[in-house]
Amino acid sequence: MAIEIKAPTFPESVADGTVATWHKKVGEAVKRDELIVDIETDKVVIEVLAEADGVLAEIVKGEGDTVLSNELLGKLSEGGAAAAAPAAAAAPAAAPAAAAPAAAADDNILSPAARKLAEENGIDPNSLAGTGKGGRVTKEDVVAAVEAKKSAPAAAPAAKAAAPAAAAAPVFAAGDRVEKRVPMTRLRAKVAERLVEAQSSMAMLTTFNEVNMKPIMDLRNKYKDLFEKKHNGVRLGFMSFFVKAATEALKRFPGVNASIDGNDIVYHGYQDIGVAVSSDRGLVVPVLRNAEFMSLAEIENGIATFGKKAKDGKLSIEDMTGGTFTISNGGVFGSLLSTPIVNPPQTAILGMHKIQERPMAVNGQVVILPMMYLALSYDHRMIDGKEAVSFLVTMKDLLEDPARLLLDV
């Protein structure tokens, strides 16, 4: 019985998808719940699994084709046998025939000069097809084999090197003037579209401040082992402090947590914090929902889970949907200062940066402190400069005195 393989039902925010990779070929056996094909949308890669054991009978939509919700991708023959099985069974029968060339190049048809040359160069005479009279292996046949042997090692690495080039960015030798054109992935194209949209449709502005990270670093160093033991291996990082500080600041400045919908301002009575995570497909922003109610351990566990899912390509559309405010940490890549771009329809985004020791004036004394620049990009149509600066100063105050996060003061 034929089973239709269909694209999943896409949410309203996803119009269509692209067939990224078929993991099975026509005629190959498939097991129930085995991955058959990947569908790439502008947000995530969706895996399509087999509904039953069988054989892939037909591919309707090839790699690169656009597919709609629930559209037919291919067909599966339930309970069939793989086409490759008969070929495997036929292999033993072909074995005796393969032995024939071995008998063809015996000493009776191998000239003495050819035999000596073959021995000197480690050539197996039985692997050669003679071009001389009566199938005799000539000296010229051995010379050709020697030349082929010399060129084979250089060709093999070249073939291996060419394999990953299609999937990764091309690598060109110095002095080359070649070009390679590859299509954008859906995710990269969508990111490009949204970035251009954000810069052309809002009055974006960025304000900066700096935070002394020593109090948080001291607190973390003091309790990180106990924290990890208490919370079953969850590690205490810096991001959880920034998320907690952001949720508190957003309560005090609700405009930073709002969004613009046409001529309306939508104020959100919750804090869904998007946390930018790097993946092989690019930067993705999964969302911590109701982050205002989450503990430090829950935030760290949520971020770690998102990171693993991003690495494995397992993020769902639900993970990526929504968000009222975003935090991006360019500091993990060494960025000292940047101006992050707001993710519409949100009205603000916080940029974290590299922690760097700098000489600072403290009570009239020069002290070396671990400092981090913070950047808040915001939509000036919605947020005034005073509100943006006050929001960032509030975050600075909370981070430099983390006890205030626990005491809610």
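**Exercise 1. Determine which residue forms a salt bridge with Asp272, and where the two partners lie.**

Solution. Asp272 forms a salt bridge with Arg289, and the closest N and O atoms are 3.8 Å apart; a salt bridge is a side-chain nitrogen of Lys or Arg within 4 Å of a carboxyl oxygen of Asp or Glu. The structure is a predicted model, in which local features need pLDDT of at least 70, side-chain atom pairs count only at pLDDT 80 or more, and totals for chains, interfaces and linings use all residues. Residues are numbered from 1 along each chain as its sequence is written, and side-chain values use heavy atoms, with hydrogens and water left out.

Next, locate the partners. Asp272 is in the loop between strand S11 (264–266) and strand S12 (273–275), whereas Arg289 is in the loop between strand S15 (287–288) and helix H8 (296–312), so the pair links distant parts of the chain, 17 residues apart. Helices (H or I, at least four residues) and strands (E, at least two) are DSSP runs, numbered from the N terminus.

Finally, assign the exposure. Buried means under 20% relative accessible area, exposed over 50%, and partly exposed in between (1.4 Å probe, protein chains only). Asp272 is therefore buried, at 10% relative accessibility, and Arg289 is partly exposed, at 37%.

**Exercise 2. State where the salt-bridge partners Asp218 and Lys214 lie, and whether Asp218 is buried or partly exposed.**

Solution. The side chains of Asp218 and Lys214 meet in a salt bridge of 2.8 Å, N to O. Both residues belong to helix H6, four residues apart, about one turn of the helix. Asp218 is partly exposed, with a relative accessible area of 39%; Lys214 also counts as partly exposed, at 38%. The structure holds 13 salt bridges.

**Exercise 3. Classify the ring pair of Phe253 and Phe391.**

Solution. A pair of aromatic rings is described by the distance of the centres and the angle of the planes. Rings of Phe, Tyr and Trp (its six-membered ring) pair if their centres lie within 6.5 Å; planes under 30 degrees apart count as stacked, over 60 as edge-to-face and the rest as tilted. A search of the whole structure finds two aromatic pairs. The ring centres of Phe253 and Phe391 are 6.5 Å apart and the planes stand at 75°, so this pair is edge-to-face. Phe253 lies in the loop between H7 and strand S10 (259–261) and Phe391 in helix H10 (residues 385–400), so the pair ties together parts that are 138 residues apart in sequence. Both Phe253 and Phe391 are buried. Ring pairs link Phe253, Phe325 and Phe391 into a cluster.

**Exercise 4. Identify the residues with the most contacts inside the largest nonpolar core.**

Solution. A nonpolar core is a set of buried Ala, Val, Leu, Ile, Met, Phe, Trp, Tyr and Cys residues joined through side-chain atoms within 4.5 Å. The largest has 71 residues, and those with the most contacts inside it are Leu73 and Phe325. Helix H7 (residues 239–252) supplies the largest share of this core, eight residues. Apart from it lies another core of eight residues, including Leu117 and Val137.
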